[in-house]
Amino acid sequence: MTNLLNNIRFFFKKNIIEALNLGKFLSSHNSDMLRIIMFHDTPKNEHFIYERQIKYLISTGWKILDPRKFIKDKINKKNFLGKNIVITFDDGLKSNKELAERLKIKFGIKSIFFVPYLFIKMKKTNEIKKFCLDKLKINKKKYYKLNLNLNDLKNLINNGHVVGSHTINHFNLKKINNLKVLNNEIVGSKKLLTKSLKKKIHTFAFTYGTLKDISQDSINISLKNYDLIFSGIRGNNIKNSKILFRDEINKSYSNLMCQSLLNGNIDFFYNSSRKKLLKMSK
(Lines give C-alpha, C1' and ligand atoms only; values in the text may rest on other atoms or scores of the structure.)
Protein backbone atom coordinates (compact mmCIF):
# COMPACT_ATOMS: atom_id res chain seq x y z
CA MET A 1 0.00 0.00 0.00
CA THR A 2 2.87 2.39 0.85
CA ASN A 3 4.56 1.79 -2.52
CA LEU A 4 1.27 2.41 -4.33
CA LEU A 5 0.77 5.74 -2.54
CA ASN A 6 4.35 6.77 -3.30
CA ASN A 7 3.85 5.93 -6.97
CA ILE A 8 0.65 7.97 -7.08
CA ARG A 9 2.36 10.94 -5.42
CA PHE A 10 5.26 10.77 -7.88
CA PHE A 11 2.87 10.56 -10.85
CA PHE A 12 1.18 13.81 -9.85
CA LYS A 13 4.48 15.49 -8.92
CA LYS A 14 6.02 14.50 -12.27
CA ASN A 15 3.08 15.83 -14.27
CA ILE A 16 2.98 19.12 -12.36
CA ILE A 17 6.70 19.72 -12.84
CA GLU A 18 6.50 18.87 -16.54
CA ALA A 19 3.47 21.15 -16.96
CA LEU A 20 5.37 24.02 -15.36
CA ASN A 21 8.10 23.62 -17.93
CA LEU A 22 5.67 23.47 -20.85
CA GLY A 23 3.84 26.53 -19.59
CA LYS A 24 7.08 28.47 -19.13
CA PHE A 25 5.54 30.28 -16.18
CA LEU A 26 8.89 31.44 -14.85
CA SER A 27 11.35 33.90 -16.37
CA SER A 28 14.33 31.66 -15.53
CA HIS A 29 14.13 30.06 -19.00
CA ASN A 30 15.88 33.11 -20.47
CA SER A 31 18.20 33.74 -17.51
CA ASP A 32 21.79 32.71 -16.93
CA MET A 33 21.84 29.39 -15.13
CA LEU A 34 24.47 27.38 -13.28
CA ARG A 35 22.92 24.12 -12.10
CA ILE A 36 24.75 21.24 -10.45
CA ILE A 37 23.36 17.75 -11.01
CA MET A 38 23.72 15.26 -8.17
CA PHE A 39 23.68 11.52 -8.91
CA HIS A 40 23.85 8.75 -6.31
CA ASP A 41 23.81 5.04 -7.15
CA THR A 42 23.74 4.53 -10.94
CA PRO A 43 23.50 0.78 -11.69
CA LYS A 44 24.80 -0.35 -15.07
CA ASN A 45 21.38 -1.48 -16.30
CA GLU A 46 20.15 2.11 -15.85
CA HIS A 47 23.00 3.87 -17.64
CA PHE A 48 20.99 4.26 -20.85
CA ILE A 49 18.43 6.32 -18.87
CA TYR A 50 21.02 8.76 -17.54
CA GLU A 51 22.67 8.97 -20.96
CA ARG A 52 19.29 9.78 -22.50
CA GLN A 53 18.66 12.50 -19.89
CA ILE A 54 22.05 14.13 -20.50
CA LYS A 55 21.71 13.87 -24.29
CA TYR A 56 18.32 15.59 -24.09
CA LEU A 57 19.62 18.41 -21.90
CA ILE A 58 22.52 19.04 -24.28
CA SER A 59 20.10 19.08 -27.23
CA THR A 60 18.02 21.76 -25.50
CA GLY A 61 20.93 24.16 -25.05
CA TRP A 62 22.59 23.13 -21.79
CA LYS A 63 26.39 23.22 -21.67
CA ILE A 64 28.22 20.68 -19.48
CA LEU A 65 31.18 22.39 -17.80
CA ASP A 66 34.62 20.91 -17.23
CA PRO A 67 34.82 20.51 -13.43
CA ARG A 68 38.41 21.75 -13.07
CA LYS A 69 37.68 24.93 -15.00
CA PHE A 70 34.37 25.35 -13.18
CA ILE A 71 36.07 25.17 -9.77
CA LYS A 72 38.76 27.63 -10.80
CA ASP A 73 36.23 30.06 -12.31
CA LYS A 74 33.89 29.79 -9.33
CA ILE A 75 36.72 30.44 -6.85
CA ASN A 76 37.73 33.48 -8.92
CA LYS A 77 34.10 34.68 -8.95
CA LYS A 78 33.77 34.68 -12.71
CA ASN A 79 30.36 35.04 -14.33
CA PHE A 80 28.63 32.05 -15.94
CA LEU A 81 26.55 33.03 -18.96
CA GLY A 82 23.89 30.90 -20.61
CA LYS A 83 22.66 27.50 -19.42
CA ASN A 84 25.44 25.62 -17.59
CA ILE A 85 25.56 22.26 -15.84
CA VAL A 86 28.14 20.57 -13.61
CA ILE A 87 27.85 16.80 -13.03
CA THR A 88 28.55 15.37 -9.56
CA PHE A 89 28.40 11.87 -8.05
CA ASP A 90 28.02 11.19 -4.32
CA ASP A 91 29.09 8.31 -2.08
CA GLY A 92 31.97 6.60 -3.90
CA LEU A 93 30.16 3.84 -5.77
CA LYS A 94 31.74 1.85 -8.59
CA SER A 95 28.59 2.37 -10.67
CA ASN A 96 29.34 6.11 -10.73
CA LYS A 97 32.75 5.57 -12.31
CA GLU A 98 31.24 3.26 -14.92
CA LEU A 99 28.59 5.82 -15.86
CA ALA A 100 31.11 8.68 -15.86
CA GLU A 101 33.33 6.73 -18.24
CA ARG A 102 30.36 6.17 -20.54
CA LEU A 103 29.40 9.86 -20.48
CA LYS A 104 33.01 10.87 -21.17
CA ILE A 105 33.19 8.60 -24.21
CA LYS A 106 29.78 9.69 -25.53
CA PHE A 107 29.87 13.42 -24.75
CA GLY A 108 33.34 14.29 -23.44
CA ILE A 109 31.84 14.97 -19.99
CA LYS A 110 33.96 15.03 -16.84
CA SER A 111 32.54 14.98 -13.31
CA ILE A 112 33.16 15.59 -9.61
CA PHE A 113 33.15 12.57 -7.27
CA PHE A 114 32.40 13.14 -3.57
CA VAL A 115 33.63 10.12 -1.62
CA PRO A 116 33.47 9.04 2.05
CA TYR A 117 37.05 8.06 2.88
CA LEU A 118 36.20 5.03 5.05
CA PHE A 119 34.03 3.54 2.30
CA ILE A 120 36.68 3.71 -0.42
CA LYS A 121 39.15 1.93 1.89
CA MET A 122 36.80 -1.00 2.59
CA LYS A 123 37.66 -4.41 1.13
CA LYS A 124 35.52 -6.83 3.13
CA THR A 125 32.13 -7.46 1.55
CA ASN A 126 30.32 -7.61 4.90
CA GLU A 127 31.67 -4.15 5.81
CA ILE A 128 30.65 -2.74 2.43
CA LYS A 129 27.16 -4.20 2.84
CA LYS A 130 26.74 -2.73 6.32
CA PHE A 131 27.92 0.69 5.15
CA CYS A 132 25.54 0.64 2.17
CA LEU A 133 22.56 -0.37 4.27
CA ASP A 134 23.24 1.84 7.30
CA LYS A 135 24.80 4.95 5.77
CA LEU A 136 23.85 5.08 2.08
CA LYS A 137 20.43 3.41 2.40
CA ILE A 138 21.23 1.17 -0.58
CA ASN A 139 19.95 -2.39 -0.70
CA LYS A 140 21.68 -4.62 -3.25
CA LYS A 141 21.72 -8.28 -4.18
CA LYS A 142 25.52 -8.23 -4.36
CA TYR A 143 27.98 -6.02 -2.44
CA TYR A 144 31.29 -7.43 -3.64
CA LYS A 145 33.56 -4.59 -4.81
CA LEU A 146 30.62 -2.20 -4.93
CA ASN A 147 32.79 0.71 -3.79
CA LEU A 148 35.47 2.73 -5.52
CA ASN A 149 39.04 2.34 -4.27
CA LEU A 150 42.07 4.64 -4.32
CA ASN A 151 43.28 3.27 -7.66
CA ASP A 152 39.87 4.04 -9.15
CA LEU A 153 40.08 7.61 -7.86
CA LYS A 154 43.59 8.07 -9.23
CA ASN A 155 42.39 6.78 -12.60
CA LEU A 156 39.47 9.22 -12.54
CA ILE A 157 41.79 12.14 -11.76
CA ASN A 158 44.15 11.12 -14.57
CA ASN A 159 41.16 11.20 -16.92
CA GLY A 160 40.20 14.76 -16.01
CA HIS A 161 37.65 14.14 -13.29
CA VAL A 162 37.77 15.73 -9.82
CA VAL A 163 37.58 14.10 -6.39
CA GLY A 164 36.03 15.93 -3.45
CA SER A 165 35.53 15.15 0.23
CA HIS A 166 32.31 13.66 1.58
CA THR A 167 33.44 13.12 5.22
CA ILE A 168 35.12 9.97 6.54
CA ASN A 169 32.19 7.93 7.83
CA HIS A 170 29.18 9.49 6.05
CA PHE A 171 27.60 10.57 9.34
CA ASN A 172 24.75 13.04 9.63
CA LEU A 173 26.87 16.02 10.67
CA LYS A 174 24.04 17.79 12.49
CA LYS A 175 23.90 14.91 14.95
CA ILE A 176 27.57 15.25 15.95
CA ASN A 177 27.91 17.40 19.07
CA ASN A 178 31.59 16.73 19.70
CA LEU A 179 33.59 19.41 17.83
CA LYS A 180 36.69 17.23 17.67
CA VAL A 181 34.76 14.41 15.98
CA LEU A 182 33.01 16.87 13.66
CA ASN A 183 36.29 18.51 12.69
CA ASN A 184 37.81 15.10 11.95
CA GLU A 185 34.92 14.15 9.67
CA ILE A 186 35.20 17.36 7.65
CA VAL A 187 38.89 18.26 7.80
CA GLY A 188 40.30 14.80 8.44
CA SER A 189 38.72 13.47 5.26
CA LYS A 190 40.44 16.22 3.28
CA LYS A 191 43.83 15.39 4.81
CA LEU A 192 43.44 11.68 4.12
CA LEU A 193 42.40 12.21 0.50
CA THR A 194 45.17 14.74 -0.07
CA LYS A 195 47.79 12.35 1.29
CA SER A 196 46.44 9.30 -0.56
CA LEU A 197 45.86 10.99 -3.93
CA LYS A 198 48.62 13.61 -3.72
CA LYS A 199 46.10 16.18 -4.93
CA LYS A 200 44.74 19.30 -3.28
CA ILE A 201 41.08 18.87 -2.35
CA HIS A 202 39.10 22.05 -3.01
CA THR A 203 35.53 20.78 -2.61
CA PHE A 204 33.33 19.31 0.08
CA ALA A 205 29.77 17.94 -0.10
CA PHE A 206 27.55 17.63 2.95
CA THR A 207 26.26 14.13 3.62
CA TYR A 208 22.50 13.94 2.96
CA GLY A 209 22.68 17.68 2.25
CA THR A 210 19.46 19.22 3.59
CA LEU A 211 19.03 21.69 6.44
CA LYS A 212 18.13 18.74 8.68
CA ASP A 213 21.65 17.44 8.16
CA ILE A 214 23.74 20.63 8.37
CA SER A 215 24.71 22.36 11.62
CA GLN A 216 26.19 25.81 12.13
CA ASP A 217 29.43 24.24 13.35
CA SER A 218 29.70 22.05 10.25
CA ILE A 219 29.19 25.13 8.06
CA ASN A 220 31.87 27.08 9.94
CA ILE A 221 34.43 24.27 9.74
CA SER A 222 33.83 23.51 6.06
CA LEU A 223 34.03 27.18 5.03
CA LYS A 224 37.43 27.52 6.71
CA ASN A 225 38.87 24.45 5.01
CA TYR A 226 37.38 24.24 1.51
CA ASP A 227 36.99 26.58 -1.44
CA LEU A 228 33.52 25.35 -2.43
CA ILE A 229 30.81 23.66 -0.34
CA PHE A 230 28.05 21.59 -1.99
CA SER A 231 24.62 21.02 -0.45
CA GLY A 232 21.70 18.86 -1.57
CA ILE A 233 19.23 21.75 -1.83
CA ARG A 234 17.92 22.66 -5.28
CA GLY A 235 18.78 26.02 -6.78
CA ASN A 236 20.68 28.21 -9.22
CA ASN A 237 24.32 29.09 -8.50
CA ILE A 238 24.87 32.30 -10.44
CA LYS A 239 25.47 34.40 -7.32
CA ASN A 240 29.03 34.44 -5.98
CA SER A 241 29.02 32.19 -2.95
CA LYS A 242 31.12 29.34 -1.59
CA ILE A 243 27.86 27.54 -0.78
CA LEU A 244 26.40 25.71 -3.77
CA PHE A 245 23.03 24.11 -4.46
CA ARG A 246 22.43 20.87 -6.33
CA ASP A 247 19.61 19.15 -8.21
CA GLU A 248 19.22 15.45 -7.50
CA ILE A 249 18.35 13.46 -10.63
CA ASN A 250 17.37 9.79 -10.69
CA LYS A 251 16.19 7.12 -13.12
CA SER A 252 12.49 7.87 -12.64
CA TYR A 253 12.76 11.43 -13.99
CA SER A 254 11.62 11.97 -17.57
CA ASN A 255 13.66 14.16 -19.90
CA LEU A 256 11.08 16.91 -19.62
CA MET A 257 11.04 16.66 -15.83
CA CYS A 258 14.85 16.98 -15.72
CA GLN A 259 14.69 20.07 -17.92
CA SER A 260 11.93 21.62 -15.82
CA LEU A 261 13.87 21.08 -12.59
CA LEU A 262 17.02 22.62 -14.04
CA ASN A 263 15.03 25.53 -15.47
CA GLY A 264 14.17 26.31 -11.85
CA ASN A 265 10.44 25.74 -12.07
CA ILE A 266 10.16 24.42 -8.51
CA ASP A 267 12.98 26.46 -6.97
CA PHE A 268 10.40 28.48 -5.03
CA PHE A 269 9.76 25.43 -2.85
CA TYR A 270 13.38 25.68 -1.65
CA ASN A 271 13.65 29.46 -1.22
CA SER A 272 13.49 29.26 2.56
CA SER A 273 16.11 26.49 2.80
CA ARG A 274 18.51 28.34 0.50
CA LYS A 275 18.14 31.60 2.44
CA LYS A 276 18.70 29.87 5.78
CA LEU A 277 21.77 28.05 4.52
CA LEU A 278 23.28 31.22 3.06
CA LYS A 279 22.55 33.08 6.29
CA MET A 280 24.35 30.34 8.25
CA SER A 281 27.40 30.84 6.04
CA LYS A 282 27.82 34.55 6.81
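Tutor: Start with contact: it means heavy atoms within 4.5 Å. By that rule, the buried residues of helix 11 pack against helix 9 (216–225) and strand 8 (243–244). Keep in mind that this is a predicted model.

Student: Which residues of helix 11 are the buried ones?

Tutor: In helix 11 (residues 271–280) they are Arg274, Leu277 and Met280. Seen down the helix axis, these buried residues fall within an arc of 130 degrees, so they line one face of helix 11.

Student: What is on the other side of helix 11?

Tutor: Lys275 and Lys279 are there, and both are exposed.

Student: Why do residues three or four places apart point the same way in an α-helix?

Tutor: Because an α-helix has 3.6 residues a turn.

Student: How confident is the predictor in the chain?

Tutor: The average pLDDT is 91, and 89% of the residues score at least 70. Residues 1–13 have a pLDDT below 50, and beyond near neighbours in sequence this stretch has five contacts in the model. Residues 22–28 are also below 50.

Student: Why is Ile249 called buried?

Tutor: The cut-off is under 20% relative accessible area. Ile249 has 4% relative accessibility, so Ile249 counts as buried.

Student: Where is Ile249, and which residues is Ile249 in contact with?

Tutor: Ile249 is in the loop between strand 9 (247–248) and helix 10 (255–262). Leaving aside neighbours within four places in sequence, its contacts are Ile37, Met38, Phe39, Gln53, Cys258 and Leu261. Now look at His40. Ile249 and His40 are 209 residues apart in sequence, yet their C-alpha atoms are 8.4 Å apart in space.

Student: Is Gly92 buried or exposed?

Tutor: Set its value against the cut-off again. Gly92 is at 3% relative accessibility, so Gly92 counts as buried. Its place is the loop between strand 3 (83–90) and helix 4 (94–107). Not counting residues up to four places away, Gly92 touches Phe114, Val115, Pro116, Phe119, Asn147 and Leu148. Pro116 is 24 residues from Gly92 along the chain, and their C-alpha atoms are separated by 6.6 Å.

Student: How many disulfides are there in the whole structure?

Tutor: A search finds zero. To count, two cysteine sulfur atoms must be within 2.5 Å. As for burial, Cys132 has a relative accessible area of 0%, so Cys132 is buried. Cys258, at 1%, is buried too.

Student: Which residues does Ile37 contact?

Tutor: Beyond neighbours within four places in sequence, the contacts of Ile37 include Ile54, Leu57, Ile87, Ile249 and Leu262.

Student: What about the chain overall?

Tutor: The chain has 11 helices and nine strands. Of its 282 residues, 52% count as buried. The accessible surface comes to about 14300 Å², and 54% of that belongs to carbon and sulfur atoms.

Note on methods. Residues are numbered from 1 along each chain as its sequence is written. This is a predicted model: local features need pLDDT of at least 70, side-chain atom pairs count only at pLDDT 80 or more; totals for chains, interfaces and linings use all residues. Side-chain values use heavy atoms; hydrogens and water are left out. Buried means under 20% relative accessible area, exposed over 50%, partly exposed in between (1.4 Å probe, protein chains only). Helices (H or I, at least four residues) and strands (E, at least two) are DSSP runs, numbered from the N terminus. The arc is that of the directions from the helix axis to the C-beta atoms. pLDDT is the predictor's confidence in each residue, from 0 to 100. Accessible areas come from the Shrake-Rupley method with a 1.4 Å probe; for residues, only the protein chains shown count as cover.
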